[in-house]
Amino acid sequence: MDANESLARLREGNSRFMQGKMKGKEAVKRRKELVAGQHPFATIISCSDSRVVPEYIFDADMGEIFIIRTAGNIVGRVSLGSVEYGCAHLHTPILVVLGHEGCGAVKATCECKGECKEGNIKHIVDEVKVAAGAKNYEINASIVENVACVMRKIRRESPIISRLEKDGKLKIMGAQYFLESGQVKFL
Ligand SMILES: [Zn+2]
């Protein structure tokens with residue numbers, strides 16, 4: 001499968017989800033088929049937000065999408081390792097950074113203007129404030145900018161991913177999910 005086919009599958013799955021016409025899932029059969037190995041067709045970085053569930057949003061089954069979820073859909077060294085695994089070892093032709101409307105991590109960063117001292121949450125704010133600060137802590141603009149910042153960070157800090165992209169083996173895309181309509185808009 002190439003990146004265009006992969007993107008088409010994501011779009012079709014999202015369309016089914018928006019309309020509430022998801023495919024039926026045969027969990028037991030599928031589970032058994034997957035014992036031999038996984039061949040996901042997309043790697044997705046999504047928020048941990050419990051309302052933003054990639055398998056639902058893209059009407060995907062087990063074994064179809066390789067997902068990294070962190071609050072604010074940001075990446076650090078460990079999660080970048082997971083991204084590299086999905087793209088370089090499992091050979092997914094597409095990598096999607098999926099931000100979403102009403103993101104609590106971005107909202108919190110905007111509210112505190114990037115000044116957070118709470119436990120390890122401050123590390124999330126430190127990441128998100130790069131984007132939010134550039135947009136004067138306006139939440140909607142910051143959500144979109146945060147996706148762009150994460151994409152830039154991946155290219156900057158992962159030579160493996162940027163090499164795959166330069167060689168035409170990987171397409172990196174940003175997207176935003178809308179809570180009420182269920183729509184994913186690719187940016
Ligand atoms: Zn979020």
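View 1. Lys-153 touches Val-75, Gly-76, Glu-127 and Ser-158, leaving aside residues up to four places away in sequence. Contact means heavy atoms within 4.5 Å. Lys-153 lies in helix α7. Helices are DSSP runs of H or I with at least four residues, strands are runs of E with at least two, and both are numbered from the N terminus. Lys-153 counts as buried because its relative accessibility is 11%. Buried means under 20% relative accessible area, exposed means over 50%, and partly exposed lies in between (1.4 Å probe, protein chains only).

This is a predicted model: local features need pLDDT of at least 70, side-chain atom pairs count only at pLDDT 80 or more, and totals for chains, interfaces and linings use all residues. Residues are numbered from 1 along each chain as its sequence is written, and side-chain values use heavy atoms, with hydrogens and water left out.

**View 2. Val-147, also in helix α7.** Val-147 is found in helix α7. Val-147 is buried, with a relative accessible area of 2%. Its contacts are Asn-73, Val-97, Gly-99, Gly-174, Ala-175 and Leu-187, not counting residues up to four places away in sequence. Ile-45 is 102 residues from Val-147 in sequence, yet their C-alpha atoms are 9.8 Å apart.

View 3. Cys-47 (SG), His-100 (NE2) and Cys-103 (SG) coordinate the zinc ion at 2.0 to 2.3 Å. Donors are N, O and S atoms within 2.8 Å of the metal (3.2 Å for Na, K and Ca); water is not among the atoms, so sites may look incomplete. Along the chain, the donors follow the spacing C-x52-H-x2-C. Cys-47 and His-100 link distant parts of the chain, 53 residues apart. Cys-47 sits in the loop between β1 (42-46) and α3 (54-57), while His-100 is in strand β3 (residues 94-100). Both Cys-47 and His-100 are buried.

**View 4. Helix α5 against helix α7.** The axes of α5 (residues 104-111) and α7 (residues 139-157) come within 10 Å and cross at roughly 120°. Axes are lines fitted to C-alpha atoms, for helices over the stretch in contact, and angles run from 0 to 180 degrees between N-to-C directions. α5 and α7 are therefore oblique to each other. Angles under 35 degrees count as roughly parallel, over 145 as roughly antiparallel, 65 to 115 as roughly perpendicular, and the rest as oblique. Val-106, Lys-107 and Cys-110 of α5 meet Ile-139, Ser-142, Ile-143 and Asn-146 of α7. By class, these residues are four nonpolar, two polar and one charged. Ala, Val, Leu, Ile, Met, Phe, Trp, Tyr, Cys and Pro count as nonpolar, Asp, Glu, Lys and Arg as charged, and the others, Gly among them, as polar.

**View 5. Helix α5 against helix α6.** The axes of α5 and α6 come within 9 Å and cross at roughly 75°. The two helices, α5 and α6, are therefore roughly perpendicular. From α5, the contact uses Ala-105, Val-106, Thr-109 and Cys-110; from α6, Ile-124, Val-125, Val-128, Lys-129 and Ala-132. The contact of α5 with α6 has seven nonpolar residues, one polar and one charged.

**View 6. Loop residues.** Glu-115 is in the loop between α5 and α6 (121-134). Glu-115 counts as exposed, at 54% relative accessibility. Lys-113 is found in the loop between α5 and α6. Lys-113 has a positive phi of about 50°, although it is not a glycine. Asp-59 lies in the loop between α3 and β2 (65-69). Its phi is positive, about 40°, and Asp-59 is not a glycine either. Asp-59 is buried, with a relative accessible area of 5%.
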